[in-house]
Amino acid sequence: MESHVDPPVLPAHRASTNSSNRNRRPRFDEQKPLRTLDVACLIINKMIGGGIFVSPRIVAHLTGNKIIALALWIFGGVYSFCSIYIYLEYGLAWPYNGGEFIYISKVFPVPPLLFASAFSWVFIAFATSTTNSITFARYINPNKAEAPDVWFTKFFACVIVVGICAVHYRFVNIGIAANNILAAYKVLFLGILVIAGFIETCRQGAHGQLPGLGDYTMTYGSPSPTNIALAILQVLYSYQGWENANYVTSEIKGDGEHKKRRLKRGAIIAISVVVTLYISFNMFVFFILDFNSITDPRHNVAADFAINVFRSSNVSMASHAIYVSIALAAAGNIIGVTFSNARVNRDIARHRLIPFYQFFSKSSDYGNNTWDGLGTPTGGLVLQSLVTCITIASIQPFTAILNMYTYGHAVVCFILGIGVLFIQTRMNQYETKSADPRGGTGFTVPWRYQVLKRPRYRYTAVLFFTLVNVFLIVVPFVPSDNPDGTHRDTPSWVQPVVVTALYAVGAGVALYVIAFVEGLRFRGSNFHISNSSNLNDYVPYNERRWIVNYSKGKSTWIDFLKPLPWEKIQLRLRTNGEANTAAELRTNNNIGLG
């Protein structure tokens, strides 16, 4: 298949130093590069939201046993470590914005756009901060937290979403600073609860008065495998967020190994802190509170826990303080998620896989970064706020935690777990460093991006990661009741059916492009090292992608329903445009050097 070449826009880091100094924007309008602390805080803010203060009750209810519930929180910690090691390998291999959208395109490039488009639709629909927005709106007014007005809560949740998007649009550095401050606050808040829980456990345990110890081994109800699977989904929902920095890897400070080092350090620091806090918090909750108090839907676990460990006589004031702290934790999650997801939304729109892609791919003149010279993602922020507000308005709040994306993410993680085995092959296929006239932008061979160096540990982590996601994908299809024998308000199979349907829609878009759209070309490069006078002929690695022109050859609406010749469709289905471009560049380089 022929390659299509557009005049590339050079990233800012490739531009002339003198030119960039002459045309340098005011510092206020530049986005500061992300440091190790920023990376860690992005992950911490997405992981620690309002879920950790609600999920202990739901997990305990679904499992019916404290030991099983605590084991699942430990299991979630182990899974998070395995997950971040695998995602770090992807992030170190392809250190660009986009996360799974980029990784799945790289390891499964055939058929073109199929996997990327399927992921795009699920990501945009479900990767929102809906639950944390509602949590913030509910708990920020502690007087109304226990009996909130539904529509006012929804309205205020939408206001906070739009407000945070506006901050990230115009004052991106303030948004990054707020992200760091709230991440530090959440670690401090949970840390204080854990330390207080430890002291109170020792104090009550010394007198044999631990109320939660008596029912530690008791089982309430009859939890089924489906209930356990849903409990695991709830735990993983609370741990969700370890991938957040992978979405904005391009914007981490430094080039090459410095960027990768900051990503790796920040991710491991964040995961270690969060896993330690989560497991410790749940352990002390189970020691301090009895099972019925934990699973009582009329009470907030964190508030009851704080009242007990601090021995507060003013129950109302203590509850209000905890409610405000929960609201601030939820706000931090919204800030971190909005910053990262908006940039993924923009990248998806730039690939023209969603309606109104011209608008959603727009960038502002504020917050220009040093990687690609783009400003804040105007369209991505609008899309993030629009989908979040629609979801907020359409759901029934306070009844259950939404974890559609957790299930959808399990499908992606299963595919990426298999894809780990192909990273080295793909990187070898795409390697073009020898043909890069500017140097340092391709990848060296052999591959040196493993985080776990020993194959035994590496493949054990990959196997565990993949099998867990297979379990999460399959088990919700098995019908079951609640542990107490009552019927579920929403059957467990609804989640996989809805998510699978949306994956099918996204895949259908890609198949339509392949079979019906004439204007599908891979943006490659016609640079030849023997004629290197025009460096703009060279398309950088991160700018190579499939370009869709829906209107080419379409004069009437009926033309959009006319399929292409079968031979052309077959050729497209098996074309790896990126590998073909890289092979051509390497061949041209060898000829030029010869």
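Which element gives the largest share of the lining of the second largest cavity? The structure examined here is a predicted model, in which local features need pLDDT of at least 70 and side-chain atom pairs count only at pLDDT 80 or more, while totals for chains, interfaces and linings use all residues. Residues are numbered from 1 along each chain as its sequence is written, and side-chain values use heavy atoms, with hydrogens and water left out.

The answer is α17, which supplies four residues; helices here are DSSP runs of H or I with at least four residues, numbered from the N terminus. A cavity is a set of points, on a 1 Å grid over the protein atoms alone, where a 1.4 Å probe fits but cannot get out, and its lining residues have an atom within 4 Å of a point. Both α17 (404–419) and α19 (455–474) supply at least two residues of this lining, which includes Thr406, His409, Ala410, Cys413, Asn469 and Leu472. The second largest cavity holds about 70 Å³ of space, a volume being the space filled by probe spheres set on the grid points, which are joined across faces, edges and corners. Its lining divides into six nonpolar, four polar and no charged residues, where Ala, Val, Leu, Ile, Met, Phe, Trp, Tyr, Cys and Pro count as nonpolar, Asp, Glu, Lys and Arg as charged, and the others, Gly among them, as polar.

Two or more lining residues come from each of α5 (100–107), α6 (114–126), α14 and α22 (577–593), and α5 gives the most, with four. By class, the lining comprises 16 nonpolar, eight polar and eight charged residues.

Cys413, which belongs to the lining of the second largest cavity, counts as buried because its relative accessibility is 1%, whereas Cys202, at 41%, counts as partly exposed; buried means under 20% relative accessible area, exposed over 50%, and partly exposed in between, for a 1.4 Å probe and protein chains only. The structure holds zero disulfides, a disulfide being a pair of cysteine sulfur atoms within 2.5 Å.

Helix α7 (residues 130–139) is mostly covered, with ten of its ten residues buried, among them Ile134, Phe136, Arg138 and Tyr139. The cover over these buried residues includes α8 (150–170), α10 (225–239), α14 (315–350) and α16 (378–394).

How values were computed:
Contact = heavy atoms within 4.5 Å. 1 Å grid on protein atoms, 1.4 Å probe; cavity = no way out; pocket = protein on both sides within 12 Å on 5 of 7 lines; lining within 4 Å.
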